[in-house]
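Please have the coordinates open while reading.

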There are 4 protein chains.
Amino acid sequence: MTEPTPIHHPNPAGVKRVAVLTSGGDAPGMNAAIRAVVRTATFESLEVVGVRRGFSGLHRGELNLLGPRDVANTIQRGGTILLTARSSTWRTPEGRASGAKYLREWGVDGLIVIGGDGSFHGAHYLQQEHGIPVIGVPGTIDNDLYGTDHTIGYFTAVETALDAVDKLRDTGASHERVFVIEVMGRHAGHIALDVAVAGGAEEVFIPEDDKPVTDAVEIVKESLAKGKRGSIIIVAEGYPGGAQGVADAIQAGTGMETRVSILGHIQRGGSPVSSDRILASRLGEAAVYALMDGRSDVMVGRDSGGICYTPLHETWERRKDVSRDLYRCAKTLSV
Amino acid sequence: MTEPTPIHHPNPAGVKRVAVLTSGGDAPGMNAAIRAVVRTATFESLEVVGVRRGFSGLHRGELNLLGPRDVANTIQRGGTILLTARSSTWRTPEGRASGAKYLREWGVDGLIVIGGDGSFHGAHYLQQEHGIPVIGVPGTIDNDLYGTDHTIGYFTAVETALDAVDKLRDTGASHERVFVIEVMGRHAGHIALDVAVAGGAEEVFIPEDDKPVTDAVEIVKESLAKGKRGSIIIVAEGYPGGAQGVADAIQAGTGMETRVSILGHIQRGGSPVSSDRILASRLGEAAVYALMDGRSDVMVGRDSGGICYTPLHETWERRKDVSRDLYRCAKTLSV
Amino acid sequence: MTEPTPIHHPNPAGVKRVAVLTSGGDAPGMNAAIRAVVRTATFESLEVVGVRRGFSGLHRGELNLLGPRDVANTIQRGGTILLTARSSTWRTPEGRASGAKYLREWGVDGLIVIGGDGSFHGAHYLQQEHGIPVIGVPGTIDNDLYGTDHTIGYFTAVETALDAVDKLRDTGASHERVFVIEVMGRHAGHIALDVAVAGGAEEVFIPEDDKPVTDAVEIVKESLAKGKRGSIIIVAEGYPGGAQGVADAIQAGTGMETRVSILGHIQRGGSPVSSDRILASRLGEAAVYALMDGRSDVMVGRDSGGICYTPLHETWERRKDVSRDLYRCAKTLSV
Amino acid sequence: MTEPTPIHHPNPAGVKRVAVLTSGGDAPGMNAAIRAVVRTATFESLEVVGVRRGFSGLHRGELNLLGPRDVANTIQRGGTILLTARSSTWRTPEGRASGAKYLREWGVDGLIVIGGDGSFHGAHYLQQEHGIPVIGVPGTIDNDLYGTDHTIGYFTAVETALDAVDKLRDTGASHERVFVIEVMGRHAGHIALDVAVAGGAEEVFIPEDDKPVTDAVEIVKESLAKGKRGSIIIVAEGYPGGAQGVADAIQAGTGMETRVSILGHIQRGGSPVSSDRILASRLGEAAVYALMDGRSDVMVGRDSGGICYTPLHETWERRKDVSRDLYRCAKTLSV
């Protein structure tokens with residue numbers, strides 16, 4: 001094998017300048033994605049405009065040129081150097097028209113939006129109404145986007161939650177207590193399921209499943225009977241009643257000392273783990289190439305075949321299921 | 001300098017066998033303290049009896065011999081291998097009489113209790129009523145024991161809370177939000193104050209101080225005016241109203257998006273940091289030597305002069321204040 | 001979606017008792033794999049025999065029953081509770097005959113070997129000569145086994161190396177120095193490549209590629225010219241001359257202060273990250289099912305289609321290439 | 001207790017503008033110290049000039065104003081935002097004269113130097129020759145400065161080394177190997193001793209002690225005889241022969257597989273732990289106050305009495321010994 005010579009990507013769309021923004025909830029790895037956009041563009045002799053504060057900044061004209069040194073030493077940083085915000089103005093045609101005007105003034109040939117499905121809605125309407133090419137990059141810790149095996153930030157969020165579970169297990173096992181731990185995931189149990197398997201939890205409750213909270217009571221009783229010291233139960237925030245509901249049921253049904261821990265926003269922060277940095281690097285690069293290829297209104301993602309493209313509207317219309325097989329495995333291994 | 005030859009400690013009390021237990025809330029470094037007790041005793045040719053589940057296990061007779069290999073590979077472990085529990089029976093004379101009987105049956109010459117002031121109460125009464133020598137070792141994350149500069153577990157708890165603050169700052173700065181973070185400390189602001197200084201927080205609320213919650217509103221307004229992106233406010237759990245009260249006031253007074261994070265029990269877990277392991281090693285050793293010296297009813301601690309001894313009752317009767325100077329510094333540096 | 005009911009796996013091979021060992025260099029996640037074997041077997045009402053010290057212990061008869069509680073609280077532990085060793089005796093027919101005798105005495109219906117290709121050789125010959133069914137589980141940090149996308153331990157090793165790179169970048173950027181960092185990988189550049197992309201390195205040298213060490217001189221000169229503060233160069237240990245050779249060339253060619261860091265065995269240790277724990281859980285389960293299905297002389301792995309099976313001899317005869325595309329990306333993004 | 005009102009420090013020296021630089025090897029917490037200097041000065045209505053690249057930048061005139069927002073979000077960062085360098089020119093009277101000229105041009109009333117004893121030499125001569133007030137702040141991971149209990153960066157370096165020891169113990173225990181680990185400390189065994197106690201090492205070799213390398217052979221033999229699985233030996237880099245010498249002796253004397261790990265520069269990097277951030281915050285503040293008090297040619301430090309001042313020349317002329325008591329404890333607990 002010899003070193004691959006980086007060759008320049010063809011540019012049939014004649015792109016000269018791309019814009020990039022981050023939108024919605026921040027996710028670890030967003031900086032790595034911004035960096036990849038800027039560096040790839042630089043390699044291809046394109047210019048990059050950074051938009052601050054997402055769509056909120058776009059309709060107010062917070063645009064600036066971003067060079068390759070501006071993103072130096074950012075790949076390991078949590079958060080987003082471009083800032084993010086939620087914007088109600090963007091949901092109005094006037095807001096989007098104002099954004100389109102700024103993009104035209106800056107001579108932007110395409111916009112890359114790093115965020116979740118709410119952000120992709122915003123991008124989709126910009127393209128529909130103003131014809132500006134847009135590419136979505138999946139950046140959200142929840143991993144709930146159809147069209148990519150994983151989203152940027154997901155791996156780090158799982159790792160942060162798992163670290164908390166390991167810590168709680170120390171204290172739970174010492175006190176022979178039950179810990180009910182709520183992880184992020186308003187609509188999806190991806191984080192919860194991974195954390196349950198990796199954390200050796202006794203049970204997991206996710207929004208995709210309708211099993212009753214009383215199942216937890218049986219599990220905890222069985223654990224005691226098997227001689228387990230303490231139990232760990234994982235609950236996704238979207239499960240009805242949340243961790244508190246599950247804990248109340250256990251306390252009522254077993255009399256065991258039951259503690260609740262709601263991990264919350266720490267799951268959004270921290271230096272991204274390697275898998276998120278690599279995924280962000282690949283998708284940031286792919287987003288620039290997609291614009292050069294003349295693509296628009298699609299999200300770049302990665303599946304087993306490599307880079308893939310999904311129409312933006314499918315990312316919210318279609319559902320990415322959790323793995324039934326992993327769900328089953330979680331139960332088998334807690335025997 | 002030449003290597004100090006470990007010399008054997010004099011044993012005027014003629015101790016042959018010591019018992020050790022952990023009690024109350026667990027704290028990182030308790031295993032390092034148990035290990036130090038066992039290893040020091042072994043070095044001095046004494047035997048060690050480990051009591052499981054604290055005073056609860058003591059009055060039920062859960063005693064076993066502990067050898068030096070039983071504590072191998074535990075110095076880095078969170079929690080306590082001897083388990084811990086709270087015991088209502090121990091608060092009765094009958095419970096303590098039962099514990100005393102077991103200690104006599106096992107030929108124990110003295111009991112080492114690793115825990116907080118509640119546990120020291122239990123030890124104190126055992127010694128008062130049954131004449132069994134007892135030594136306290138300060139093991140609690142709150143650092144609220146008079147008679148020692150620091151308690152075992154405190155350093156790790158601060159580090160865990162600080163790691164969470166760093167993560168929340170990532171997301172807070174990206175969204176330009178206020179984060180109000182509640183750390184442990186029911187009666188004391190030690191953790192909160194250290195975390196506030198080390199985390200670069202804008203403000204800190206502790207139970208020792210009676211300042212009104214509305215101070216937070218002013219601080220957040222000033223921060224905005226200075227151009228700070230987001231604010232971090234630390235609240236000890238013992239501050240009236242807790243983090244939620246502070247956050248409600250900020251939201252009402254500024255209209256800024258304010259998020260609450262209650263770190264909770266993760267602060268008890270995790271592998272102990274070096275300072276806790278070293279402190280636990282020193283105090284565990286000192287506890288065995290204290291029994292050999294014929295001491296009883298005292299807690300071993302460390303202050304600037306080295307090992308010190310404080311009557312158990314003083315540990316709860318006297319108060320260890322937070323550093324006014326550090327409190328002042330927290331404010332100066334948030335300018 | 002409803003919760004999948006764990007259903008029992010068919011057992012056409014009539015397996016009643018399986019043995020498990022870890023062999024070769026240890027890897028984070030081996031304990032999670034052992035746990036998965038034990039728990040899956042328990043769920044399926046099979047018994048498990050744990051062999052200590054790998055093949056070395058097998059031919060000496062170090063076998064013991066392992067129950068589900070024996071693996072409690074191990075999923076997060078580095079190393080291997082079954083210990084590992086390299087065995088020259090196992091390379092002799094007499095050694096293997098002795099191991100086979102012990103397995104028969106213990107009534108073992110199949111042996112699960114967690115390790116790398118050297119260990120799979122040992123398993124293969126045992127099956128060839130004595131007809132004992134064997135299943136390989138890929139446990140090695142190097143990720144250099146054909147037949148699985150990833151090996152157990154790989155993700156953690158990358159993360160550990162990346163953490164070191166982040167730390168060295170702090171000091172490298174402050175001093176405007178070049179750091180040449182050697183990561184594990186005697187025959188393969190998988191770790192090096194992932195760390196290079198995730199660590200934002202300027203260049204990477206891997207054994208699969210024959211590019212000359214002098215390329216590093218050009219890269220460092222270009223970095224300086226672009227205004228970069230310090231450079232990070234990643235070298236896999238199998239690249240001829242290693243990190244020291246690369247550093248010597250840079251120092252000679254540029255006069256810049258160049259430091260070498262050889263990360264070494266820390267990459268084998270530490271609590272496994274979630275991806276390794278999950279992979280180990282899946283593969284440990286799959287190994288038990290493979291024996292129940294009557295399979296033998298194969299390695300269980302995971303690729304995009306899920307669980308897959310590869311004849312053991314192919315795992316060392318065929319080569320798993322590093323991703324050319326990732327290699328190219330590493331260069332593009334260091335622009 | 002009521003909240004302490006921050007009161008303004010008296011300024012008899014009439015200081016209006018202070019300069020700050022970092023010099024020598026970087027240490028985690030240097031940024032926290034810079035931040036404390038800037039924020040304290042701001043609170044006191046003084047101005048701050050930041051000097052880049054230490055004395056090397058000073059004699060070349062790399063000076064800039066630093067405001068309170070310039071140090072926002074830096075308290076948790078490793079390295080130094082002011083950069084550091086070693087300067088041979090500064091060792092010449094001409095170099096220092098050039099630096100003095102720039103400080104006068106910028107109207108600087110005093111210079112704060114964050115670094116080790118080499119840097120304090122440089123500061124001392126500047127003050128001697130040009131009458132510019134200088135204050136030293138102890139910033140070095142080695143903790144080898146007389147006049148302060150701890151130096152900024154020391155706690156983090158110990159933690160980083162300890163984390164590596166924990167990882168190596170995982171693999172060492174699995175393979176029943178000896179690991180000889182070299183930590184930083186060219187002239188002092190502080191890091192080595194703390195890491196040995198906290199890491200549960202079997203033996204430690206430090207430059208302050210002249211014990212022969214063959215002691216390690218006895219220790220390893222005894223460990224084996226006691227049934228320990230693997231041994232951990234810590235060696236400070238300043239011990240003659242280093243880790244390699246110790247390992248060679250063990251291998252020759254016991255035949256056991258012995259591995260060397262030289263941790264190197266990773267000990268300089270990483271986000272500072274809380275103790276370093278707090279120490280840096282206190283000392284940075286104290287340095288500004290020292291200038292306002294009219295002090296010069298001293299280092300600010302912390303001992304049991306709080307802030308203390310030591311003439312710069314004493315910091316290198318006098319020796320800070322390692323704790324004999326801790327050294328003894330390390331041996332007792334490895335029984």
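A:Asp117 belongs to helix α4 of chain A, which covers residues 117–130. The model is a predicted one. A:Asp117 is partly exposed, at 32% relative accessibility. Beyond four places in sequence, A:Asp117 touches A:Leu145 and A:Trp316.

A:Ser119 also sits in helix α4 of chain A. Is A:Ser119 buried or exposed? A:Ser119 has a relative accessible area of 5%. Buried means under 20%, so A:Ser119 counts as buried. With neighbours up to four places away set aside, its contacts are A:Ser23, A:Gly24, A:Phe55 and A:Val113.

## The annotated site

## Where chain A meets chain B

In this interface, 31 residues of chain A contact 31 residues of chain B. The two chains bury about 2,400 Å² between them. Carbon and sulfur atoms account for 52% of that area.

How many salt bridges link chain A and chain B? The count is two. A:Arg53 forms a salt bridge with B:Glu176, with the closest N and O atoms 2.6 Å apart. On the chain A side, the elements giving two or more residues are α5 (154–175) and β9 (258–262). The largest share, nine residues, comes from α5(A). By class, the chain A side divides into seven nonpolar, 14 polar and 10 charged residues.

## A glycine in chain C

C:Gly199 lies in a loop of chain C, between α6 (190–198) and β7 (203–205). Its relative accessible area is 0%. The cut-off for buried is under 20%, so C:Gly199 is buried.

Which residues does C:Gly199 touch, not counting those up to four places away in sequence? In chain A they are A:Ile75 and A:Arg277. In chain C they are C:Leu162, C:Val165 and C:Arg169. C:Asp170 is 29 residues from C:Gly199 in sequence. In space, C:Asp170 and C:Gly199 are 12 Å apart, C-alpha to C-alpha.

How values were computed:
Residues numbered from 1 in each chain as written. Chains lettered and ligands numbered in written order. Predicted model: local features only at pLDDT ≥ 70, side-chain atom pairs only at ≥ 80, totals over all residues. Heavy atoms only, no water. Contact = heavy atoms within 4.5 Å. Buried area = accessible area lost by both parts, 1.4 Å probe. Salt bridge = Lys/Arg side-chain N within 4 Å of Asp/Glu carboxyl O. Helix = DSSP H or I, 4+ residues; strand = E, 2+ residues; numbered from the N terminus. Nonpolar A, V, L, I, M, F, W, Y, C, P; charged D, E, K, R; others polar. Buried < 20%, exposed > 50% of the residue type's maximum accessible area, 1.4 Å probe, protein only.
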